[in-house]
Amino acid sequence: MKYNLADFSQMIDHTNLHADASFGDMVKLCNEAQQYHFKMVAINQTQTASCAKLLKGSEVHTGAAISFPLGQTTLRAKTFEVHDAIEKGADEIDYVVNLTAVKNGDFDYVKNEMQTIVQLCHDQGVLCKVIFENCYLTKDEIKKLALIAKDVKPDFIKTSTGFGSGGAKIVDVKLMKETVGDGVKVKAAGGIRNTDDFLAMIEAGADRIGTSSGVKIIDALSKRFAQGHINSLELRADGKEAPKVDVGTPDNHETESEYDLWSDLYE
């Protein structure tokens with residue numbers, strides 16, 4: 001598949017999720033997103049109204065992060081955040097799964113949470129991305145989450161918040177894409193700061209890249225295109241099958257009695 005510079009720009013979620021981000025930082029973020037024709041600005045939910053106003057009339061989406069970055073809020077709290085963000089102008093939602101539920105092996109809860117939030121977003125015509133936070137997960141847990149997503153069908157599954165102990169990894173992107181197939185897209189985020197990493201994530205199967213280095217990446221790609229006298233790059237050639245990834249063996253979860261002691265943390 002061939003990608004030109006405009007295609008690459010449209011794959012970027014231009015990101016500022018810092019706790020101390022000011023209104024001036026949001027103005028800069030939104031101006032850059034419009035100048036470079038990025039797909040979305042990725043911001044904390046409290047910045048939603050400001051960014052939606054700054055981007056009004058443009059093609060750049062406003063993406064609110066929900067239960068960010070830990071995912072450790074109840075479903076009721078998450079749905080309130082989603083409602084509030086959409087009401088204030090968000091047209092994309094990135095929410096973090098309940099990692100306590102994942103670690104307890106309660107994938108029924110995880111599926112119900114995903115179905116509820118995805119349906120809420122889709123009823124409002126809003127894209128929904130599910131953040132796994134892979135740095136805290138085993139390969140088996142990543143695959144189980146991806147299989148749930150394959151059934152529920154959010155628009156994207158996403159590797160990371162960028163605030164955990166690790167960011168996006170090529171092996172995880174390949175595993176996620178291999179598991180969901182064409183029905184769900186993959187977003188890679190966390191630690192993607194240069195052109196080579198950006199291209200590698202796309203080659204691995206990502207269709208959206210979350211990064212605070214989008215301007216730097218597109219400028220470098222533009223220079224590379226000019227120096228090479230080219231107007232496109234070919235990645236993920238048609239018919240190319242993603243390499244198989246060893247997902248390991250299922251983990252041993254807590255016993256039922258131990259699980260019952262922890263379940264009230266996320267009910």
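Author: Let us begin with the largest cavity in this predicted model, whose lining divides into six nonpolar residues, one polar residue and two charged residues.

Reader: Okay, and which residues line the largest cavity?

Author: The lining consists of L17, M40, A42, I43, G63, A64, A65, D94 and K158, and the strands β3 (40–44) and β4 (61–66) each supply at least two of its residues. The volume of the largest cavity is about 30 Å³.

Reader: D94 makes me curious about β5. Are the residues of strand β5 buried or exposed?

Author: Five of the five residues of β5 (residues 92–96) are buried, so this strand is largely enclosed by the rest of the structure. E92, D94 and V96 point one way from β5, while I93 and Y95 point the other way.

Reader: Which strands does β5 pair with?

Author: β5 pairs in the parallel sense with β4, over four bridges, and also in the parallel sense with β6 (residues 127–131), over five bridges. Y95 in β5 stands opposite I66 and opposite V130 in β6. Together with helix α4 (residues 75–87), β4 and β5 make a right-handed β-α-β unit.

Reader: Switching to pockets, how much space lies in the second largest pocket?

Author: About 320 Å³ of space lies there, and the pocket is lined by 18 residues, with T15, T161, G162, G190 and S212 nearest its centre. By class, the lining of this second largest pocket has five nonpolar, ten polar and three charged residues.

Technical notes: Residues are numbered from 1 along each chain as its sequence is written. This is a predicted model: local features need pLDDT of at least 70, side-chain atom pairs count only at pLDDT 80 or more; totals for chains, interfaces and linings use all residues. Side-chain values use heavy atoms; hydrogens and water are left out. On a 1 Å grid over the protein atoms alone, a cavity is a set of points where a 1.4 Å probe fits but cannot get out, and a pocket is an open set with protein on both sides within 12 Å along at least five of seven lines; lining residues have an atom within 4 Å of a point. Grid points are joined across faces, edges and corners, and a volume is the space filled by probe spheres set on the points. Ala, Val, Leu, Ile, Met, Phe, Trp, Tyr, Cys and Pro count as nonpolar, Asp, Glu, Lys and Arg as charged, and the others, Gly among them, as polar. Buried means under 20% relative accessible area, exposed over 50%, partly exposed in between (1.4 Å probe, protein chains only). Two strands pair if DSSP finds at least two bridges between them. A crossover is right-handed if, with the strands pointing away from the viewer, the path from the first strand over the helix to the second runs clockwise.
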